[in-house]
Amino acid sequence: MITEIARAKLNLALHVRARRPDGYHELETLFAFVEHGDVLRIVPADAPSFRITGPFSGALAGEGDNLVTRAAARFAAIFGGGAHSIELEKHLPVASGIGGGSADAAATLRALARLHHVALDDPKLFEIADALGSDVPACLLGRTAIGKGRGEQLETVPGMPGTPVLLVNPGVAVSTAQVFARWDGQDRGPLGSDPLAGRNDLESPARAIAPVIGDVLETLAAQPGVTLTRMSGSGATCFALFESEAARGNAAAAIVRSVWWCVQTRLT
Ligand code: C5P
């Protein structure tokens with residue numbers, strides 16, 4: 001049995017630079033990861049099976065084309081390896097800007113690679129990841145990195161491991177495609193040398209679709225000891241970085257009853 005943690009992905013900054021002819025958007029983003037995530041367990045089996053457990057399993061019930069099974073099918077087509085029994089323990093809210101499905105797909109590829117002795121930096125693994133979704137290559141890498149293109153052109157950078165993080169979701173699911181479609185087309189410039197001084201250009205369109213996101217960001221920004229507050233990806237999950245675990249704990253206690261989902265974790 002191989003166990004992999006599918007850690008939540010954060011976009012510490014996300015600059016949208018241009019709309020491309022293929023419908024995607026040209027990005028510059030700073031990816032980071034937190035300790036909290038889904039748990040994936042894979043064991044070789046006579047026949048393939050897949051089950052979803054955990055607190056957010058209900059949101060995915062009955063989905064035929066889960067990214068986990070698609071990742072496993074693509075892996076088998078290229079590397080072989082036979083059938084597997086896969087369990088996904090779902091702890092991350094679905095469609096929430098922290099890469100849940102992408103992290104699960106990447107964890108599947110990592111687990112299968114370990115099981116079948118494929119190098120984790122094999123370019124074919126990254127090709128599979130790229131075809132599965134824009135955030136999957138970053139999740140496969142799983143390290144703090146600058147992402148360009150759709151986010152698949154990755155360059156690792158030093159992270160801030162151990163930084164206390166609060167993840168907060170107001171309980172609205174926003175569609176990534178819809179949020180990108182409402183981007184106003186204004187290029188507000190590159191990431192620059194200090195990405196944390198940047199922004200998330202999808203905050204404004206996401207807030208227009210779900211104004212409650214603005215309420216969450218304002219509440220987080222008002223907490224003592226906060227060093228950065230931002231929305232992740234296309235939302236609706238927002239995050240705050242804190243100067244200490246005590247400050248993060250106080251903020252969590254202050255807001256936990258007014259939001260749908262709130263998790264205390266750390267950057268990796
Ligand atoms: O690649 P992925 O399937 O995760 O993207 C979901 C949708 O988000 C795309 O179909 C596209 O509408 C939008 N998107 C985009 N530009 C990106 C990434 C995603 O427009 N860089």
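Buried here means under 20% relative accessible area, exposed over 50%, and partly exposed in between. The model shown in these views is predicted.

**View 1. Overall fold of the predicted model.** The protein contains 8 helices and 10 strands. Its radius of gyration is 18 Å, close to the 18 Å given by the globule rule for 268 residues, so the protein is as compact as a globular protein of that length. Along the principal axes, the C-alpha atoms fill a box of roughly 55 × 40 × 35 Å. Of the contacts with a separation of 6 or more, 73% are between residues 24 or more positions apart. Buried residues account for 51% of the 268 residues.

View 2. The accessible surface of the protein is about 11,400 Å², and carbon and sulfur atoms contribute 51% of it. There are 24 positive and 28 negative side chains, and the centres of these two sets are 1 Å apart.

**View 3. Cys238 and Cys262.** Cys238 has 0% relative accessibility, which is under 20%, and therefore counts as buried. The closest cysteine sulfur to that of Cys238 is in Cys262, at 12 Å, which is too far for a bond. For Cys262 the closest cysteine sulfur is that of Cys238, again at 12 Å and too far for a bond. A disulfide requires the two sulfur atoms to lie within 2.5 Å, and by this rule the count is 0 disulfides.

View 4. Ile213 lies in helix α7, which covers residues 212-221. With 0% relative accessibility, Ile213 is buried. Leaving aside residues up to four places away in sequence, Ile213 touches Pro170, Ala206, Arg207, Met231, Ala236 and Cys238. Val172 is 41 residues from Ile213 along the chain, and the C-alpha atoms of the two are separated by 8.5 Å.

View 5. Ala236, one of the residues touched by Ile213, is in the loop between β8 (226-231) and β9 (238-242). The peptide bond from Gly235 to Ala236 is cis, with omega near 5°.

View 6. Ala95 is in the loop between β4 (84-89) and α2 (100-115). Although Ala95 is not a glycine, its phi is positive, near 50°. Ala95 is partly exposed, at 46% relative accessible area. His117 is in the loop between α2 and α3 (123-132). The phi of His117, also not a glycine, is positive at about 55°. With a relative accessible area of 72%, His117 is exposed.

Terms used
Residues numbered from 1 in each chain as written. Predicted model: local features only at pLDDT ≥ 70, side-chain atom pairs only at ≥ 80, totals over all residues. Heavy atoms only, no water. Buried < 20%, exposed > 50% of the residue type's maximum accessible area, 1.4 Å probe, protein only. Helix = DSSP H or I, 4+ residues; strand = E, 2+ residues; numbered from the N terminus. Rg over C-alpha atoms; globule rule 2.2 N^0.38 Å. Contact = heavy atoms within 4.5 Å. Areas by Shrake-Rupley, 256 points an atom, 1.4 Å probe, with all protein chains shown as cover. Lys, Arg positive; Asp, Glu negative; His and termini not counted. Charge placed at Lys NZ, Arg CZ, Asp CG, Glu CD.
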